Amino acid sequence: MATEISIGNLTQPINESTDQLILYTLHLADNALILGQRNAEWTGHGPVLEQDIAISNIALDLIGQARMLYQYAATLINQATNQLINHSTNPAHTEDTLAFFRTGAEYKNCLLVELPRGDWGVTVLRQFFFSTYQYFLYHELKNSADETLAAIAEKSFKEVTYHMRWSAEWVIRLGDGTEESHDRMQKALDQLWAYTGELLTPGDFETEPDGKIVVDLRSIKVAWTNKIQEVLSTATLQIPENKWQQSGGKQGRHTEHLGYILSEMQYLQRTYPNAQW
Amino acid sequence: MNQEEIFQQKVDTEVRIEPKDWMPDKYRQTLIRQISQHAHSEIVGMLPEGNWISRAPTLQRKAILIAKVQDEAGHGLYLYSAAETLGISRDEMIAQLHSGKAKYSSIFNYPTTTWADMGAIGWLVDGAAIMNQVPLCRTSYGPYARGMVRICKEESFHQRQGFEILLVLSKGTDEQKAMCQDAINRWWWPSMMMFGPKDDESPNTQQSMKWKVKRFTNDELRQRFVDICAEQIKILGMNIPDSDLKWNAEKKHYDFGQINWEEFWNVVSGNGPCNKERLDARVKAHEEGAWVREAANAFAEKQKQRAHKNSVAA
């Protein structure tokens, strides 16, 4: 059964492999955009000027990655729909229609990225979980049979290598800093841990029989876990004992936070549809 | 020649004054005041534009806006560093900002209420800033002049980006055109005030000109700004909100209307629409970052001790 893709006023099942590639690309894009949007909340409000610049830079990299991925998804959707209905009067999708005209249920990002930015400790710990995931993901995606995804992964890999290093350093610095910073980091870990499992649990669009295009998350889970444990241990932080993990983002079932992010982010496009900016 | 005469001779012959050179105490104080005020303006200036990052209308506009605000943080860094060469620390300067002792550009005490404000700030506010800053690339104090060269390059890029935002709006829907005109209406006069009081009411100008900290007077720069904007507005097909604005063929300059100096002095002294919000936001970021800075210092100290222990053990 082909998955139904509903994007704006387009509701067309295409075919299974194209659907999967589109959903997978959108999922990767949504993760990057929503975390970019969250991190940019720090711009102008960072704890020290140099770090204000650093977190803004990470936001900028993530939004850049999201743009490349949305552009690719838009191309795939446009091609598929033109083939299917055999005329091109359908409004063409762009990176912006995909970012600004999809609803929360159509967003396929992991719950972790939509959580509030919290204090600086929550922000750097979330970044560390996510960047480590992106690091191993892009490392594999560079070898994808899909040339566009492989090229995007290649380009983004250098960026996320830096993000992972930067955030790991902060996790260690704050975990092993003062008593207050240690307590705050442990609280952040207790809060965020239940949202990490979803990063490495395959959604429908991440299971592929021949495994040529999408990254098999099982193949990077060990590497991710080892890196996380190593850094958390250096930071003198304890992984919570509660094993329960939240999920739903990959199916479009989100926390209450995403609605607010989207209503703010999409406000101009939705208030003045058909305008150029 | 005494030290003061040697100093003035250097200034007169366009030799840059460097941090270790002798300089009159008032010159040092004037520069600290001016450079730190400039640095604070960059930092506070991040807030009104940062206000629209989450709502930027396209992903490209969002990325450009983040990069722009980030550039301002970078400018703040260069300027704080330049001021530090005069013997004041960044912490001291920031404390002066937070206590209200140090000022920042009053323009940032106006609110950004629509997306068009991102265009108007780029075109008018950055435009006025550039007018003030280009001559500073030749200012007599070396570290300040060199910092300004880099800053001016980025500012002129920002100014073009701002104009381009307005240009797109000016060709857009009726609502976008109205948004564009409204932003110009709100930002025009505050931008005109950015050049400071009229020359005959600007007490520091004469001394600053003699020291070549300043190269042109407030009124000269303001006139140059009006002349350029009066031409550029034609490309936008919008209006500058000044019924007295007209070309004076005799002077070869545009005449313009009266600036509301009462508003200017009120905003400077704290009565602007956002003075409190802006300062509160800076103080909040600083206070909420205190534990982070303390932890970073504590960790660095631990690392030093560990390295020391290891070297002793080895």
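Analyst: In chain B, the side chains of B:Lys68 and B:Glu72 form a salt bridge with 3.9 Å from N to O; the term covers a side-chain nitrogen of Lys or Arg within 4 Å of a carboxyl oxygen of Asp or Glu. Both residues belong to helix H4 (residues 59-84) of chain B and sit four residues apart, about one turn of the helix. Helices are DSSP runs (H or I, at least four residues), numbered from the N terminus. B:Lys68 and B:Glu72 are both buried, where buried means under 20% relative accessible area, exposed over 50% and partly exposed in between (1.4 Å probe, protein chains only). Through shared partners, salt bridges join B:Glu49, B:Lys68, B:Glu72 and B:Asp126 into one network.

The model is predicted: local features need pLDDT of at least 70 and side-chain atom pairs pLDDT 80 or more, while totals for chains, interfaces and linings use all residues. Residues are numbered from 1 along each chain as its sequence is written, chains are lettered from A and ligands numbered from 1 in the order written, and side-chain values use heavy atoms, without hydrogens and water.

Over all chains, the whole structure has 29 salt bridges. One in chain A pairs A:Glu206 with A:Lys250, their closest N and O atoms being 2.8 Å apart. This pair links distant parts of the chain, 44 residues apart: A:Glu206 is in the loop between H7 and helix H8 (217-234), and A:Lys250 in the loop between H8 and helix H9 (257-265). A:Glu206 and A:Lys250 are both buried.

Between chain B and chain A there are three salt bridges. One of the pairs between the chains is B:Lys302 with A:Asp176, at 3.0 Å from N to O. B:Lys302 lies in helix H13 (residues 290-313) of chain B and A:Asp176 in the loop between helix H6 (147-175) and helix H7 (179-192) of chain A, so the pair joins two chains. B:Lys302 is partly exposed, at 27% relative accessible area, whereas A:Asp176 is buried, at 10%.

The contact (heavy atoms within 4.5 Å) takes 46 residues from chain B and 46 residues from chain A. The two chains bury about 3900 Å² between them, 69% of it on carbon and sulfur atoms; buried area is the accessible area (1.4 Å probe) lost on putting two parts together, summed over both. In chain B, B:Leu59, B:Gln70 and B:Trp291 lose the most area to chain A, together 21% of what that side buries.
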